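Me: I have a structure open and want to learn to read it. Can you take me through it feature by feature?

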Amino acid sequence: MNIRLILLAALALNCTCRAVETAAKASGKEVPDFALLDYKGRYYHLRQSDARAVVLFFTGNGCPVARKGIPKLRHLQESFQPKGVDFWMIDSNSGDDPESIGKESWEFHSKPLPVLIDDAQGVAEAFGANRTGTAVCIETTGWTTFYAGAIDDAVTEGGEKPVSENYLANALTQFLGGKPIENPKTSAHGCLISFGSKEALSYTKDVAPIIQSKCFGCHSPGNIGPHKFVNYGKVQNLTDMIQEVLLSRRMPPWHADNRYGSFLNDSSLSIDEKRTLLRWIQQGAPRGEGEDPLASAVAPNHDWALGKPDAIIALPAVQEIPATGVLDYRHIKVQVPFDHDVWLKGLVAKPDNLRVVHHLIVRNMKGPKSDRQNADDNFLLGWAPGSPEMFYPEGTGKLIKKGSYLEFEMHYTTDGREEKDQSQIGLYFLSEPPKLVLKTRSAVDPDFQINPEAEDHVTTATYVCKKETILYSMAPHMHLRGSWFKYEALYPNGEKETLLSVPHYDFKWQHTYALREPKHLPAGTWILCTGGFDNSKHNLNNPNPKMPIAWGDQSFNEMFIGFMTLAEVPDAKPVASK
């Protein structure tokens, strides 16, 4: 190739890149990130899409315009998805629930288009979608919109005519071709989306009480949250960030699908609370009249959340943590300092150095050597970020026998400088033996093998209730490639019930989900734990998607454990063996 042709090719490439940049910056403003569940409970996160563009189509049950748009949207998906365009339908109608959305999807053949549920209506408001039938195109390089409006010009309020302008198809063709968008905004003519009350909201009356109840515990002086919500000015300065973490489901840190189960330690915002915060931000974050509730709020004391313990046991020596490197687990033995058996009504951990304590597990051993044969029976406490600080359920307890040992399993991570730690645990005693012995059990699969680049490697494990059992809590455990996790009860009569669904597992928050009402399980019930691993490049936490992965202690390895706290009913007959 001669030099003249090379220069011409370079010039053409430069023009194409400029055209793509022009198309990408049609709106000029970066759109907010968001994450939603579809009506089946599957998780979708905008910033995790690897498409060149994402098309949002706002829909709603019963809207004739939205229904007529579905076959058109499916046709566009067939044409443009192979070219790098994702299509997501979004239902922002406040009265549409997962069951009715699923029925509408089946009747009008929306599959394979996913239908996501914008239950707090925050996505619709953030993108200015006031009507169903609105399509919004987002480019994923700068995360800006390049088209918003109708699919085509066929439908208007009360009328319909042959299509003469294919607005959405034209915009996508021009974007993918690197050309400016000729018509970046049109009017959608679908059904109005009802956003409820139009009443003006205020910080003092509506917003500060929610923040004080659901956010202040962490986001206050001396506590773990990075931003301190101490007055209106601080909150107002963070409204863009608050909107993003609410829309993307990062805060508050709670990952259970609220369609399954009710939990004592649920830290999530209700739909109404979330709507209030997002709508207040959309209204410009007005302060309102009156005193600032946060200015006089007292930060919670997390010294000992359950009160002063009956006994405190610390690591016997200060642990030296190097500045760098991957550290093996440390198993540190401490002889129980009691001359009699002790029944516990609660046990809490107090990590000394949160910069380096990744997790802390305490087991009760008969002797100074670890008894790995009965690890579940020995388990007393597991702590990681997100672990609840709660007494054991009423009427239950755990036994520590005199002369036994406590084993502290300490997992430390380095933070770039030498550190020290001497973590403690606090013990709370019962005055008499409990009616039920609380036990920790688990469903485990130690033999999985995850292939490189696997996007959804599914693993299962089971636990069998040999006697009538009362289930109190569940705690899924995976590492950085963990994607989702589900607990199901398979009853002896053939029925099945979802006990807990975690559509988006987040390794940074090791939640224990404590049931508000304990679940009674008949003898012969199987607990089925199912989960998925994302070993692909789409998983932003993945250390190396090109590696095959198996079981291992370190975070860059994997685990699959469904922990449970439960109690067998005394004198209950065991299930007959087969």
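Me: How much space lies in the largest cavity?

Reply: Start with the idea. Rolling a probe the size of a water molecule over the atoms shows where empty space is left. On a 1 Å grid over the protein atoms alone, a cavity is a set of points where a 1.4 Å probe fits but cannot get out. Grid points are joined across faces, edges and corners, and the volume is the space filled by probe spheres set on the points. Here the largest cavity holds about 130 Å³. The whole structure has four cavities of 30 Å³ or more. Keep in mind that this is a predicted model: local features need pLDDT of at least 70, side-chain atom pairs count only at pLDDT 80 or more, and totals for chains, interfaces and linings use all residues. Residues are numbered from 1 along each chain as its sequence is written, and side-chain values use heavy atoms, with hydrogens and water left out.

Me: Which residues line the largest cavity?

Reply: Lining residues have an atom within 4 Å of a point. Among them here are Phe57, Lys68, Asp152 and His189. Helix H2 (residues 64-80) gives the largest share, four residues. Helices (H or I, at least four residues) and strands (E, at least two) are DSSP runs, numbered from the N terminus. By class, the lining has five nonpolar, three polar and three charged residues. Ala, Val, Leu, Ile, Met, Phe, Trp, Tyr, Cys and Pro count as nonpolar, Asp, Glu, Lys and Arg as charged, and the others, Gly among them, as polar.

Me: What lines the second largest cavity?

Reply: That cavity holds about 100 Å³. Its lining has 14 residues, and Thr59, Asn61, Ile70, Met89 and Glu104 lie nearest its centre. H2, strand S4 (85-91) and helix H3 (98-107) each supply at least two lining residues.

Me: Which residues of helix H6 are buried?

Reply: An α-helix has 3.6 residues a turn, so residues three or four places apart point the same way. Buried means under 20% relative accessible area, exposed over 50%, partly exposed in between (1.4 Å probe, protein chains only). In H6 (residues 203-214), the buried ones are Tyr203, Thr204, Val207, Ala208, Ile210 and Ile211. They pack against helix H7 (232-237) and helix H9 (271-282). Contact means heavy atoms within 4.5 Å.

Me: How many aromatic pairs are there?

Reply: A pair of aromatic rings is described by the distance of the centres and the angle of the planes. Rings of Phe, Tyr and Trp (its six-membered ring) pair if their centres lie within 6.5 Å; planes under 30 degrees apart count as stacked, over 60 as edge-to-face and the rest as tilted. The count here is 17. Take Phe34 and Trp88: their centres are 6.2 Å apart and their planes at 80°, so the pair is edge-to-face. This pair links distant parts of the chain, 54 residues apart.

Me: Is Trp88 buried or exposed?

Reply: Trp88 is buried, with a relative accessible area of 6%. Trp88 also pairs with Tyr44: the centres are 5.5 Å apart and the planes at 70°, so this pair is edge-to-face. Tyr44 sits in strand S2 (residues 43-45) and Trp88 in strand S4.

Me: What joins the side chains of Gln319 and Arg330?

Reply: A polar contact of 3.2 Å. The term means a pair of N or O atoms within 3.5 Å; within protein, one must be able to donate a hydrogen and the other to accept it, and residues adjacent in sequence count only if both atoms are side-chain atoms. Gln319 is found in strand S11 (residues 319-321). Gln319 is buried, at 12% relative accessible area.

Terms used. 1 Å grid on protein atoms, 1.4 Å probe; cavity = no way out; pocket = protein on both sides within 12 Å on 5 of 7 lines; lining within 4 Å.
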